[in-house]
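Please open the model in your viewer and keep the selection tool at hand. The tour below goes from one selection to the next and says what is found at each stop.

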Amino acid sequence: MEAGTLKTIASGILALSPLFCQHLAAADDVVFLDKPAANWEKEAFPLGNGRLGCMVFGGIDAERIQFNVDSLWTGDENLTGDYGATGMGFYQNFGNLYVDFDTEEPTTKYRRELNISRAVVRIAYEQSGTEYVRETFCSHPDQILVSRLTASAKGQYSGRIRLAGGREERTSVTENRLTFAGTLTNGMEYEAQVVVAAEGGTLKADGNTLVFSGCDSLTITLAAETSYVMDYAKNWKGEHPRAILIEQLNQAAEKSYAQLLSTHVEDHQALYNRVTIEFGKTADAQLALPIDQRLQAIRDGNADPQMDALLFQYGRYLLIACSRPGSLPANLQGLWNDRNNPPWHADYHSNINLQMNYWLAESANLAECHEPLFDLLTASLEPFRKATKLAYGDKIRGFTIRTSHNPFGGMGWKWNIPASAWYAQHFWEHYSFGRDQEYLSTVAYPYLKEVCQYWEDHLKKLPDGRLVAPDGWSPEHGPTEDGVSHDQQLIWDLFTNTIHAAEELDVDAEYRRKLSEMRGKLVGPKIGKWGQLQEWMVDRDDPKDQHRHVSHMFAVYPGCQISRSKTPEFAEAAAVSLEARGFGTVVGWSNAWKTALWARLRDAERAYTFYHKEVSANAYPNLWNGCWPGRVFQIDGNFGITAGAIEMLLQSHADEIHLLPALPKAWATGSVSGLRARGDFTVDIRWKEGQLDEATIHAGRRALRSVSVVYSGSAKELNVEPGLAVTLSFTDFR
Ligand code: FUC
């Protein structure tokens, strides 16, 4: 698209919409469209408080708010590994809230926006000279969904409110309340209640709808919950949720809308505002476009650095929305789902997807959003142990898991033997960034140690004494055989992290020695005949193979066994392999992984190629990531791409803080603040024309006392005081 055309479109919008101007300044935080959503997956806007989430459509004649609660799942402990609806189960659609309006007036100035810095969806339009505004949010402090409808003139709202459960439940209605409840086949009880408050006009029940007429404004609050508790000993089942819902709605009724909104925004911003990012300015004309046209302009070859920044922050926004302390972890779709049989059950996938959901948690300064992962994995230990013993015999200690699992410790499709070691890495990383010793000793170390025990019992000795993981398969790729690189790398990572953890806690000296000895015997990385990093023990990688999984690169990212600074030859072999995997891939999560991998290999332009793919090919108009362009929403790509971008700006995996290790030309001038580095550091960086301008390293209260900061091949050793900050500039690295 020509700049001239863009300008014409933009000035058209400016002339049409006074609503436009007020948002121009906040363009980095706003996703907007000039029409209602025609499609759940691509156009509706997601909101969530970690547990309760919704998709807002913004229809003019009828609003639709589809909602979910993260625990509404069929299925059970599923010790047999059945991958059908019975044992494994499916994540469910909770239901829909509809507001039908009695109006046929023509509409102008329609604008629907998601402000990710406030976590509010706002819909505004005009009909016959009256301005209408709807605002919706899901509050974490109040645990409810709130939607408020106002108008510039009195008495304008007439219509009906309907509440429809996802399984044909019967909705009962009183003069200001709509309710449905149900019980799933696994015994889980659930209920949703909606309370409506009107100013002016009347509200009355009519059959299973609530009729409002001549109202000045409406405030709709929705509470929904299940009887799920994250406790295996209680068979995952607690009290019926009704009392909780009534309490949540009663408490909300005592607060004004303004109070509910400001409490919500404050709570969201306490997390969201920790990180700011700027990659440069987009042309005003392009910024003024609705997001679908803006994405088209990018596909037409126009640069849009503010879109790069928006996508970056969007990953952070989504994690805050679907993973908060006390909630379940983010599943394949976060917590959003409009079906009762979503793709792959919307489950927890252990061969890349669940891990990728959390790659950004620490580095993007959302460490507490990581907690739901540890909670569910810890709560699932007993059923995981049982299933492991059933499959591998009573004598085996520890546990491993299958590729898919649910919130009841139940597992589905196919054993994925090294997955528990990969999960263990997350437990370690949470410590590595935050250095909370209490958490390390009570939560992380016991988990790491138990997975190590599994491998002590499961590793196989080759005739020459070396150790291999038996029966591996580079996920979804290789044949089943011993010593697959992915498995070997994961076990190396597990043993290394466990040794570090024991050192930090000053415990288990003897066990540390044992692990270190075993680690020394593991079959290690190998460089094959075309200079590639081998995916298998046998040198048979096909240079034409462009499989989406790059499992043998785990050691490069998110692992640290292979790095440019410590193992340059293996790093080069990894680059050869990754180059061969090509640039044609269109799978969202695979693009994200390759972004991070190329960043670790310090190839800024290749890293950016994959970042850009995520924007130009995989982003829907609501900025969700399609697993393939235009189809099957999967949230891992959204999370992974933010994590990948961080690796381009800051790395801390190789015992040093590396500033701007892979800064691409597209982000020549910019800044970032609030990124986290291992060792309890927070880092702000400003750069100009491709070069470091200034960086500030803030030492947290548990920070390491000394750290090496690297930029462009030279290192600066810093001694730091917890709680203090050090600022370095370009000249410090000459
Ligand atoms: C893995 C991938 C698929 C998909 C699925 C949910 O198995 O190989 O592409 O992302 O997870």
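Begin by selecting Asp 102, which is exposed, with a relative accessible area of 61%; here buried means under 20% relative accessible area, exposed over 50%, and partly exposed in between, with a 1.4 Å probe and protein chains only. The model is a predicted one, in which local features need pLDDT of at least 70 and side-chain atom pairs count only at pLDDT 80 or more, while totals for chains, interfaces and linings use all residues. Residues are numbered from 1 along each chain as its sequence is written, and side-chain values use heavy atoms, with hydrogens and water left out.

Asp 102 sits in the loop between strand 5 (95–101) and strand 6 (107–115), where helices (H or I, at least four residues) and strands (E, at least two) are DSSP runs numbered from the N terminus.

Next, select Asp 655, in the loop between strand 26 (650–651) and strand 27 (657–659). Phi of Asp 655 is near 60°, a positive value in a residue other than glycine. Most residues other than glycine have a negative phi, and most peptide bonds are trans. With which residue does the side chain of Asp 655 meet in a salt bridge? The partner is Lys 566, at 2.4 Å from N to O, and a salt bridge is a side-chain nitrogen of Lys or Arg within 4 Å of a carboxyl oxygen of Asp or Glu. Because Lys 566 lies in the loop between helix 15 and helix 16, the pair ties together parts that are 89 residues apart in sequence. Lys 566 is partly exposed, at 48%, whereas Asp 655 is exposed, at 65%.

In the loop between helix 15 (509–521) and helix 16 (568–581), select Pro 558, and look at the peptide bond from Tyr 557 to Pro 558, which is cis, with omega near 5°.

Finally, select the open sheet of four strands, whose order is 26-27-31-32, with mixed pairing. Its edge strands, each pairing on one side only, are strand 26 and strand 32 (714–719). Strand 31 (706–711) pairs with strand 32 in the antiparallel sense over six bridges, where two strands pair if DSSP finds at least two bridges between them. Within this pair, Val 710 stands opposite Ala 715 of strand 32.
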